[in-house]
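Here are my notes on the model you sent over. Have it open next to you while you go through the points.

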Amino acid sequence: MKRVVIIGAGTAGTVMANRLSKMADPQVAITVIDPEPMHVYQPGLLFVPFGMHRPEEVVKDRVDFLPRGAEYLQSAVDHVVAERNLVVLEGGGVVQYDVLIVATGTRIAPEETDGLLGEGWGDKMFEFYTLEGASALAERLAAWPGGRLVINIVDMPIKCPVAPLEFAFLADWFFTRRGIRDRVEIVYATPLDGAFTKPLAARQLKHLLTTKEIELVTEFNTGQVDGSSGRLISWDDRTIDFDLLVSVPLHKGADFVGRSPGLGDDLDFVITDQATLQAKVKDNVFAIGDATNVPTSKAGSVAHFQAEVLSENVRRYLKNLPLEPAFDGHANCFVETGFRKALLIDFNYDVEPLPGKFPLPAIGPMSLLKESRLNHLGKLAFRWIYWNVLLPGRKLPGISHQLSMRGKKKTPSTPTGAGAASASKRKETTSV
């Protein structure tokens, strides 16, 4: 009997558990380890501050989505001893494995920014990347009389890189509906040199920010937050004043990764081959989703696409077959732009978001890199898809785990032979 241990039962871990259970191999036992009993639909956290989702609508019992044949251990992990194939639990318990999959996602670390958790935290300084933070922000926004709202990304990479932009767009819509938009100044401050990392998408998103009268401040690297005076201070001593701060704090991997020799990088993300998803620490260790250091978006769609590659590679590993370098960095994201419209972007390691139609050429029906009501409906429908298709590990009809160029309008700079092979030579380490 071979034992596959999955640490983490969020999006990536649950998808992997379900996909591996479908292998129907009686010689493979699956164990899932996670300390939290509830599963949070993380894309829904964006809507909670604006009253579009209630907190109870984005959480469900975790065990309801794990395969029946899997063993579930509700426990935190202290560290991994890769040399001995051991997971050491908090409290001293030990779990042995033949294959280990790290799927522990990412967490915010506001304590890493001087002053962020100081005076004003929970009063005029908030985050929306946790259920608690999004719920507290909802209460504040509902009663806020107006002023200077600053959305600030402290550093990259972050979970769902477009979410802060979506927050800015939804805030514009929210305050318009409240009738106080003329009393609200919205500022979007980012360490990037543009609204996004990819040129075509950056131009389109910057245009939307300008149209909605949202100020864009680029290359702002936050070093300190002064909550008492309401000021962000960058490492080069620039300042941004705020009445209400929505912070996107530094993101890190799971704590135990840093306590596990050779497993992670300086931010506790698992050092991972970006094409095979095999961890560098040892050949029977793999990683998936936000837990990895691969240079693609930390988003649910990425975890789903990666799971198709990783489930096959785990099967191949158990049969002593060579792994397939088949993950090309494919990411697919809706970008809410407010007023019941959204953009859709589809890209990978080598191909930036392009205009066109998705998923079918010519007819779509969804437009790429263009606002539409249908894209907004697609974003809302994704919640049902998440619980009923993505988490159970089912394929999304008509959508491949690798990027398709069908329906996309190529630009002169679009690579023609892009893929995982060339991507593996890249040295980029920042999430898009």
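1. Where pLDDT is low, the predicted coordinates should not be read in detail. The chain as a whole averages a pLDDT of 93, and 95% of the residues score at least 70.

2. Some ground rules. This is a predicted model, so to speak of local features a pLDDT of at least 70 is needed, and side-chain atom pairs count only at pLDDT 80 or more, while totals for chains, interfaces and linings use all residues. Residues are numbered from 1 along each chain as its sequence is written, and side-chain values use heavy atoms, with hydrogens and water left out.

3. On the charged side, the structure holds 15 salt bridges; the criterion is a side-chain nitrogen of Lys or Arg within 4 Å of a carboxyl oxygen of Asp or Glu. One of them pairs E57 with R54, at 3.4 Å from N to O. E57 is partly exposed at 26% relative accessible area, and R54 is partly exposed at 46%. The scale here: buried is under 20% relative accessible area, exposed over 50%, and partly exposed in between (1.4 Å probe, protein chains only).

4. Have a look at E308 and K395, which form a salt bridge with the closest N and O atoms 3.2 Å apart. This pair links distant parts of the chain, 87 residues apart: E308 sits in helix α6 (residues 300–318), K395 in the loop between α7 (373–390) and α8 (420–423). Helices (H or I, at least four residues) and strands (E, at least two) are DSSP runs, numbered from the N terminus. E308 is buried at 12%, whereas K395 is partly exposed at 48%.

5. There is also a network: salt bridges link E312, R315, R316 and E324. Within it, E324 and R316 have their closest N and O atoms 3.6 Å apart. R316 is buried at 15%, but E324 is partly exposed at 35%.

6. Which buried lysine has no salt bridge? That would be K298, whose nearest side chain of opposite charge, D290, is 5.6 Å away; for charge, Lys and Arg count as positive and Asp and Glu as negative, with His and the chain ends not counted. K298 lies in the loop between β20 and α6, and a polar atom of its side chain is 2.7 Å from the backbone oxygen of T292.

7. T296 lies in the loop between β20 (285–287) and α6 and is buried at 3% relative accessibility. Its side chain reaches the backbone oxygen of G329 at 2.9 Å.

8. Now the sheets, where two strands pair if DSSP finds at least two bridges between them. An open five-stranded sheet runs β11-β18-β12-β13-β14 with parallel pairing. β11 (125–126) and β14 (214–217) stand at the edges with a single partner strand each, so one side of each has no neighbour in the sheet. β12 (residues 147–153) and β13 (residues 184–189) pair over six bridges, with L149 opposite I186 in β13.

9. Q224 stands opposite I233 in β16. Four residues separate the two strands, and G230 in the turn has a positive phi of about 70°.

Conventions:
pLDDT is the predictor's confidence in each residue, from 0 to 100. A polar contact is a pair of N or O atoms within 3.5 Å; within protein, one must be able to donate a hydrogen and the other to accept it, and residues adjacent in sequence count only if both atoms are side-chain atoms.
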